[in-house]
Structure formats: structure tokens, C-alpha cells
Amino acid sequence: MTVSKPSLRPLLCGALAVALVSQAGCAWTRSKLGMDVEYQKSGEGKPLVVPAGLDTPPAGAAIVVPAAANGPLVSSDLPPSNLGGGATVGEELPPASGVAGIAELTLADPADEAWRRVGAALPGIAGVRVGDSAKLLNSHEATYRGVTVLLRAEPTTAGSRVVALGADGQPVTTGAPAELLALLRDKLAE
């Protein structure tokens, strides 16, 4: 009996087939075999062209910022806005109504009832813009004299207290927020 030698031909053919299949995604193989011609014809590969006239911003009169005539613009010169802003929370403004501010307002009501009463009283105070209200937090957003604060009713052992919180979440006890609390106290006493 004769033993035949194993043939290397099937092994070489298999290796060649694996090499061709693995190179199917290779750019070199695609270009040599002419497989990327259709890809280059597609419109997705073309660069973006900006139409004439759209490469510069418009320079209309609505966009021009006027020069300050008598010094810098201050918050009292601006019309009221629902976006808040104006003076910063800690900034001292002269009293608008001569009302002495208070640091907090103490009420005998529970916090949820105090929240309801504050929400009903705020629209009746001159110069106050009421923003969002959150029952879950017992709070109302209010803007007075350009300063936006969060008026929050917090429970206490004797009822509740209303405090003005700034953007940082800390109580604000001076300036316009303190005046607003005093005006709110007077409005709730009516």
C-alpha cells in the first residue's frame, strides 16, 4: 500500500480565498478592482456650498447696538421683561416706595395654605411680575424692581415663614427682595 502525500493545493486555495474576502473592504483593493466608481459618483461626498450673500450676518438697523449717550445703561432704564435679569440679587437699589424691607415673613398658616395666600396676593402688588409657581416646593417666582427671586413658604412649629431665595438658593434679606416681603406682608394683612 502506498501512502500519498497530502496536497497543499486546497490549503493554498483556502488561504487565497480568505485573503481576498478580508481585503474586500480595503480601499486599495476596491480601487484596483474598480469597485469604488459608484461611490465616488454619489452626491453625499460633495462639499457644502454656501450660497452667495449668506456668508456674512445681516447688518440691519435692528441689530445695531446704539452708543450710550449719558453713560452706561442701568437696569432702571430697561423696560420690564418676563425674562428676569436686571439687577443682581445682592445689588442694593434705592428704596422705590420707602418701604423698610424684612428678612422673612412669618404666618400662622401651614406652608401649603401660606403658598396659596402668597400666590393670590402677589398679583395685587404694584410692580410685581409673577412667574412660575411650584406647589411641590411651595414657591412662587416673582420679579420686583428688576430682581427675580423665589418666594418660598417653609413650615415652622408655629405655622410657616416665607423667605426670598436668590438664584443660588440662599435667602436674600436686603434690597428689593426684602422690600417685596414687606409689601407682601402688608397685602396679606388687608
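Strand β5 is mostly covered in this predicted model. Six of its seven residues are buried. Two strands pair with β5. β4 and β5 run antiparallel and share seven bridges. In one of the bridges to β5, Ala153 is partnered with Val162. A hairpin of two residues links β4 to β5. β1 also pairs with β5 in the antiparallel sense, over three bridges. Here Thr106 has Arg161 of β5 as its bridge partner.

Helix α4 spans residues 111-121. Its buried residues are Ala111, Ala114, Trp115, Val118 and Ala121. Viewed down the axis of α4, these residues fall within an arc of 135°, so they line one face of the helix. An α-helix has 3.6 residues a turn, so residues three or four places apart point the same way. The buried residues of α4 pack against β1 (105-107), β2 (128-134), β3 (139-144), β4 (147-156) and β5 (159-165). They also pack against helix α5 (175-189).

The protein chain as a whole contains five helices and five strands. From the N terminus, the order of elements is α-α-α-β-α-β-β-β-β-α. Of the 190 residues in the chain, 25% are buried. The accessible surface of the chain comes to about 13400 Å². Carbon and sulfur atoms account for 62% of that surface. Among contacts between residues at least 6 apart in sequence, 58% join residues at least 24 apart.

Terms used. Residues numbered from 1 in each chain as written. Predicted model: local features only at pLDDT ≥ 70, side-chain atom pairs only at ≥ 80, totals over all residues. Heavy atoms only, no water. Buried < 20%, exposed > 50% of the residue type's maximum accessible area, 1.4 Å probe, protein only. Helix = DSSP H or I, 4+ residues; strand = E, 2+ residues; numbered from the N terminus. Arc of directions from axis to C-beta. Contact = heavy atoms within 4.5 Å. Areas by Shrake-Rupley, 256 points an atom, 1.4 Å probe, with all protein chains shown as cover. Pairing = 2+ DSSP bridges.
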